[in-house]
Amino acid sequence: MKMRYLLGITLVMGLISSCSTDYMDFKGGNFIQFSSSEEEVYTFAYFSSEKQKDTLNIGIMSVGEVVNYPRTIRFEQVTKEWEYIYDTEDPNKVVDSVYVDMKFPAKEGVHFEAFGGENNELILPANQNEINVQIVVKREDESLRTNARKLELRLLPSDDFKTGVPKNVVKKITISDKLERPTIWKDSDYTCSIYLGNWSEVKHRFMINATGEKWDNDFIKVYIKTGYQPTPEGLFLLRKIKKELEKYNADPTNNPPLKDENGHEVVFP
Amino acid sequence: MRNLCLFLLILLPLFCVSCYDDKGNYDYHALNQVEVAGIDSMYTAIFMEQLVITPTIQSEDKERIYDYIWMCYDKNDFEKSIDTLSLEKDLNYTVSLPLSSYQLIFAYRDRETEITKYVYSNLSVESQNSRGWYVLKEKAGTTDIDFFWQGKENTDLLSQVQGKAMEGKPRSLGYIENYTWTNEEENKIETGNKCFFLASEREVSLIRISDMKQMSDFSSLFFENAPVIAPQKWYEGSEESGFINGGKLYTYSSYDGEFGLNKLSYPKDGDYNLSSIFTKNGTMCPLLFDLNSGQFCTSERNVSSISYFENDGMSTYPLAYPDMEPVYAGFLDEGMWVGGKGYVVMRDKRDDSRSIFYFDLACMVNFEDAYLKNRITDIQAVEAGSKLAEATCFGMHRKDQMLYFGVHDKLCYYDLVNKRELEVVRDNGASAIPSGENIVLIKHLIFDYTDYMDPTISDKVNKLAVATSDGNTYKLYLFEISANKLKDKPEVYSGTGIPSEIMYMSPYMKNVYICY
């Protein structure tokens, strides 16, 4: 009994002294993933025909310890995609899906220059946890003006890495020579719906012609989606576009009103 | 034994607590009584001049030693970032703070007791130009401005600071409360510049009031495609500010960004040609006149075209007066967001006769039922042969229904209630203006500012400004008004040229205080 109380007292003292802790080192595996899960959309449509190639920088990062030796990253190009079958009565309801060959996959040598060697391998240098993969995209295929090509890269496990967060393991890149919807311009987005309205290729082209600006992700971030409302210059450019559209629609030789590729009248909010 | 062990177990935490070292001091005694003298409640300092304050600390215990600090923060800065001005008891500081109103704080700390006490005061940092009377004038076919304040004169400011006056005769003296300037020399953006908008027949210039530096010219007022320069008038407003150029109205709203980043672009839509004659107070829409249609009209924020009035059941006069044009427009100020009464002197182009149009300007206040309704309440024909029919300049009394006007050296007023004209005399019976002079400008200026957080900070001006000129020189009389008379011994200033507009500038000026 005496021993039990002595143990109790020792336990209390132990609890008091246990309030301080030592820092622990990370222990775990090494993972590899893309730095961003955001889809990349690249189009040559903003540039003159002199521009036949461009370089995209795609970040890949490791999760885990940084080591003092180079490590191998493996990847593959995905050439299949899910095709969804919708309910005939409810077009938003998916009733089935099949994994089929991509209709417009990007082809190595035609739409982008080969990278990663024969084995589709990249090297993460020693003492680094991130690399930028430079992917050279090409404009030579004229069909890019009608159909964008999809370059989908998936990271694979290697001797050095397991794959990381699932949504960051695949990178989707669209290569195009026609106007593509900027990823930031979503029809459901509050700011976009108030100031830009629905996206269409014809509308986007009209905006570029009216203002001389690209209205791409970078432009929309700086001038439109800047806070609670666009910048003064952004508001001016939107006003200018509306004025130009009024002028266009007032000219009978233009067969007004201006309609988009889907047959809908081009309007701005 | 068991109870003993339990007792010890309970006692153990108490032992831990008992290790606390009590550093309390139970030696109670009365604190040293201290008073600070020599610090006023309000200081006005001129930028880059010395501010000297010498407080006296009267302490019961003469041997006490203190540490001192003088601090301040900008009252308009929500973060209230503290600037340290001095660590000495006596403040002798070259004022290098931006022009604004500051809370000035003197703190002293007793080294023995480590008690710090604070004395609060107010500091208004102004420039030589922050407060005073500005006169826009014509001088030998050019435009310049003069400055007067409490006996000080600084004339031909544009010629002095920029090396030349503006080309052409004066058109507009306006005010811009917040102009954002891109300082390309130092590659930085400077916000909050208080500016004059100066327009002559051939030039426009935005001048920063603190140092008379030019911030912008005509073309840089616009995003792109500036129109042909033909400036008429500029007005500021809480909702929308406007610039009449070539008969067209260009507007911007500070809701969409400070002017400078925000610019002018397209004129308001419509087939109109606006007169330069208009009136408004800081908060209501302007009362404008379209010379094409002969109709009174206005401009509303977020409406892309000029807005015309419409008749309703309470309208009693026609909407259009195509054979007439305005000669003068003014209003009776009944406060912000209240339209008040408006008066427009109209000239009939067919026979040169004049009429006075009476307005209920509730029709200019966007939340009133009468908004944009025809509220011409009376049209009073001016008798041929009357002095008013010959008047060459006008000015509205802002508080009483008196329309001042000048005929050569006679300052008169038209009683808008009893519809009769009378000469304005001084309270000693003498004529307001000395015989032989020629009145060219009349304006009643009221500035009534009190800081809502500190009523000791105020700036109040109520003067009738009358300028006379022989074409080469002018005199400016600043009268205090006493009912329908003027008090004798006005402030008098003189300059060269012919005055066209006058403005009182205060360091507390806001765009909502400007009346046109």
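Domain bounds come from an automatic or database domain assignment. This is a predicted model, in which local features need pLDDT of at least 70, side-chain atom pairs count only at pLDDT 80 or more, and totals for chains, interfaces and linings use all residues. Residues are numbered from 1 along each chain as its sequence is written.

**View 1. Two domains of chain A.** The assignment gives domain 1 (31–176) and domain 2 (190–254) of chain A. Their centres, taken over C-alpha atoms, lie 30 Å apart.

**View 2. The interface of domain 1 and domain 2 of chain A.** Four residues of domain 1 of chain A are in contact with seven residues of domain 2 of chain A (heavy atoms within 4.5 Å). The two domains bury about 380 Å² between them, 52% of it on carbon and sulfur atoms. Buried area is the accessible area (1.4 Å probe) that two parts lose on being put together, summed over both.

**View 3. An open sheet in chain B.** Four strands run in the order 24-25-26-27, with antiparallel pairing. Strands are DSSP runs (E, at least two residues), numbered from the N terminus; two of them pair if DSSP finds at least two bridges between them. Strand 24 (324–332) and strand 27 (376–381) of chain B are the edge strands, each pairing on one side only.

**View 4. Strands 25 and 26 of chain B.** Strand 25 (residues 341–348) and strand 26 (residues 354–360) pair in the antiparallel sense over seven bridges. B:Val344 has B:Phe357 in strand 26 as its bridge partner.

Terms used: Chains are lettered from A and ligands numbered from 1 in the order in which they are written. Side-chain values use heavy atoms; hydrogens and water are left out.
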